[in-house]
Amino acid sequence: MASLSAQRVVNMLVNGKHCTTLWLDQSGNQLHIIDQTQLPHHLVIKTLRSLNDFCIAIKTMQVRGAPLIGATAAYGLALALQHDPSADNEQHASSALLATRPTAVNLQWAIARVRRALAGQHREQKAAIALATAEAIRGEDIQHCEAIGDHGLALLRQRYQQTNKPLNILTHCNAGWLATVDWGTALAPVYKAQQAGIPLHVWVDETRPRNQGASLTAWELAQQGVPHTVIADNTGGHLMQHGQVDLCLVGSDRTAANGDVCNKIGTYLKALAATDNNIPFYVALPSSSIDWTISDGLKSIPIEQRDADEVTHISGLAENGQITRVQLVDGNSPASNYAFDVTPARLVTGLITECGVFSANRESLLSLQQQLTETAHA
Ligand code: MRU
């Protein structure tokens, strides 16, 4: 665990020590990650070296969450170029990484950004340039998530002033620091509010089938000392009807240019229930999660379909201390496993980004795009 505290800019805690989800080894030729398939039961640090290590880590969800997938892929491409900086290998490594998971647009965004930096560069320079770009993506992700936290804090403070009682926030899946490098997206405002002394409590959807809420969100909230309760996925609507949810806050794997939000399967149902109960439904995301090429999220965002085994089986800690997988569904029943769904823009109260809070519509997102272009050229 000594390496965990050796990070530069870190805010979240593991056993009281500052930690991020990934960091480059001092040698500069391998990457350390927290293996999220082992949480919450075991804290395992894994080291990724080869392109295959990176592809497996993303595909099997040792790292997951849109911004973290993007950052990991950038390092994967950079380290692959250390072995072979040829154009052929750049293409091969990019294609292999892009094929790991289809929905989170941050993966494409990060690979495209590294490749833009490489364009026209000398072969000998390529690995160093790619690594510097991966490090920049990592650093910016931390800054952007913290800024999301600050903008979201203003909204939580406002809601707290309206309700004048401890805030009850409902979240789905894991959009905390484990899904990013540090801070998180949806949970960054929660951590900022905690630091600002706003009393709050988080309802954590368990998020079947992979249980990122029960396994990851609950764990990281507990590590930070944030009051929370894990609920079965079907509970949210009932709580909303009985005044026990003041605000919903989720992340996004890909947001379309019209404000449609793709996030973990089940998000749409929470947005429907929130709208029916007049509860604000906010989505927190860095601008790297916006797909400017898609103008209709429902029609065009690719939805990952994962192995049916994730639905028919479940993993947990057995009494012998080993993580054990058991079968839930009779072998004669087929299962399907859609990993994401799309929440139409009309159900989204606002998009909390690193540049501020925007309405979920074309015009508002256009103003964000202009702001980003101006900043890039400044
Ligand atoms: O399948 P996962 O665990 O990668 O899905 C993650 C989510 O759906 C998160 O809500 C999303 O990536 C938001 S990222 C902060």
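A residue counts as buried when its relative accessible area is under 20%. Keep that cut-off in mind as we walk through this structure, which is a predicted model.

Let's start with a pair of tryptophans. Both tryptophan 177 and tryptophan 219 are buried, and the structure holds one aromatic pair. The ring centres of tryptophan 177 and tryptophan 219 are 6.5 Å apart and their planes meet at 40°, so the pair is tilted. Tryptophan 177 belongs to the loop between strand S6 (167-171) and helix H6 (188-195), while tryptophan 219 is part of helix H7 (residues 212-224), so the pair ties together parts that are 42 residues apart in sequence.

Threonine 21 sits in the loop between strand S2 (17-19) and strand S3 (22-24). With a relative accessible area of 1%, threonine 21 falls under the 20% cut-off and is therefore buried. A polar atom of its side chain lies 2.6 Å from the backbone oxygen of threonine 180.

Strand S4 (residues 31-34) is joined to S5 by four bridges, and histidine 32 has threonine 47 as its bridge partner in S5.

Now for some backbone details. The loop between S4 and S5 contains proline 40, and the peptide bond from leucine 39 to proline 40 is cis, with omega near 5°. Another cis peptide bond runs from arginine 208 to proline 209, again with omega near 5°; proline 209 is in the loop between strand S7 (200-205) and H7. That loop also holds asparagine 211, which has a positive phi of about 60° although it is not a glycine. Asparagine 15, in the loop between strand S1 (12-14) and S2, has a positive phi too, of about 50°. Asparagine 211 is buried at 10% relative accessibility, whereas asparagine 15 is exposed at 58%.

Terms used:
Residues numbered from 1 in each chain as written. Predicted model: local features only at pLDDT ≥ 70, side-chain atom pairs only at ≥ 80, totals over all residues. Heavy atoms only, no water. Phe/Tyr/Trp six-rings, centres within 6.5 Å; stacked < 30°, edge-to-face > 60°. Helix = DSSP H or I, 4+ residues; strand = E, 2+ residues; numbered from the N terminus. Buried < 20%, exposed > 50% of the residue type's maximum accessible area, 1.4 Å probe, protein only. Polar contact = N/O pair within 3.5 Å; in protein donor to acceptor, adjacent residues only side chain to side chain. Pairing = 2+ DSSP bridges.
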